[in-house]
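Thanks for coming. I will go through one model today, from the overall fold down to the ligand. Please have a look at it first.

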Amino acid sequence: MVKRIPLPQEPIAEIDAVIQYDKGAKCYMMPEYKYFVWKIRRRGIKSGTVLDIGTGSGLLAIELSKAKGCHFDIIGIDISENMVRRAIENAKQAKVEDRIRFLVSTAATLPFADNSFDFVMSYASLHHWLEPVAVFNEVERVVKETGSVIIRDNKRIYQNPFWKSIIWFISRFMNKRHRGNWSKAILASYTIPEVNEIITRSRLRDYRVSSDFVFIDLCIESRCK
Ligand SMILES: C[S@@+](CC[C@H](N)C(=O)[O-])C[C@H]1O[C@@H](n2cnc3c(N)ncnc32)[C@H](O)[C@@H]1O
């Protein structure tokens, strides 16, 4: 088993790192965002209040706000001030600033009342969380009884030589910086049994954890039909 190597710090904080992240996300991650939105719609989620945890530069929230036939009222939160500033700019550029609000907050203590959201989502943030159990508890607290949750992240696939070589191959098409960041993110990510063990210690309920997006990601769904 390849050992998990946690990231050195929780936020992507420095302005230079944020600008680079945003550029890379626009370049390489759009298929993932589109797939996530497709998955949300496929689960029959088409309206209501949405929370995006670890929203980064807001690209998933923006993609969801543009989904055809849907009407969402979205809040994106991130622990990094510079990410939130970037997300606000991106929403303005996409002309969806009236549909999304971005706030600086840690996911471990969310500034929202109990049962506030119809849908809670998160992408590529779980492997950053220093207190994942606290975040899952907060997710359970803020989601409505009738609501649902989808949290997606990388999976630590490096114990499998086949998937390790696929990642190596895909990353040849990236610039050096993003290639390096992606492999660090994968090493900081969890396996499915590890995620199950963490959630067992939290209050999140009615959940399942499965492989997702050509096997390289994992997906936690709670109360999804
Ligand atoms: C790899 S980025 C993913 C951003 C975005 N979801 C996307 O798909 O582009 C991870 C984000 O999680 C944020 N983050 C890390 N720990 C957090 C926490 N405890 N609470 C809120 N945001 C957090 C980081 O600041 C960073 O913006």
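**Fold, sheet and ligand shell**

The protein chain has eight helices and seven strands; these are DSSP runs, H or I of at least four residues for helices and E of at least two for strands, numbered from the N terminus. This is a predicted model, where local features need pLDDT of at least 70 and side-chain atom pairs count only at pLDDT 80 or more, while totals for chains, interfaces and linings use all residues. Residues are numbered from 1 along each chain as its sequence is written.

Overall dimensions, then. The C-alpha atoms of the protein chain fill a box of roughly 40 × 40 × 30 Å along the principal axes. Of the 225 residues, 40% count as buried, meaning 20 or more other C-beta atoms within 10 Å of a residue's own, with C-beta atoms placed from the backbone.

Now the strands, where pairing requires at least two DSSP bridges. Is strand β4, residues 117–123, largely enclosed or exposed? Six of its seven residues are buried, so β4 is largely enclosed by the rest of the structure. On one pairing, β4 runs parallel to β1 (residues 47–53) over four bridges; Val 50 stands opposite Phe 119, and Ile 53 has Ser 122 as its bridge partner. β4 also pairs with β5 (residues 143–154), again in the parallel sense, over six bridges, with Phe 117 partnered by Val 143.

β1 has a parallel pairing with β2 as well, through seven bridges, and Asp 52 stands opposite Gly 76 there. The chain gets from β1 to β2 through α3, in a right-handed β-α-β crossover; right-handed means that, with the strands pointing away from the viewer, the path from the first strand over the helix to the second runs clockwise. β4, helix α5 (residues 132–142) and β5 also make a right-handed β-α-β unit.

Last, the ligand. Which residues come nearest to it? Of the 22 around it, they are Gly 54, Gly 56, Ala 107, Ser 125 and His 128, where being around it requires a backbone-placed C-beta atom within 6 Å. α3 (59–65) and β2 (71–78) are the elements giving two or more residues to this shell.

Methods:
A residue is buried if 20 or more other C-beta atoms lie within 10 Å of its own, exposed if 12 or fewer, and partly exposed in between; C-beta atoms are placed from the backbone.
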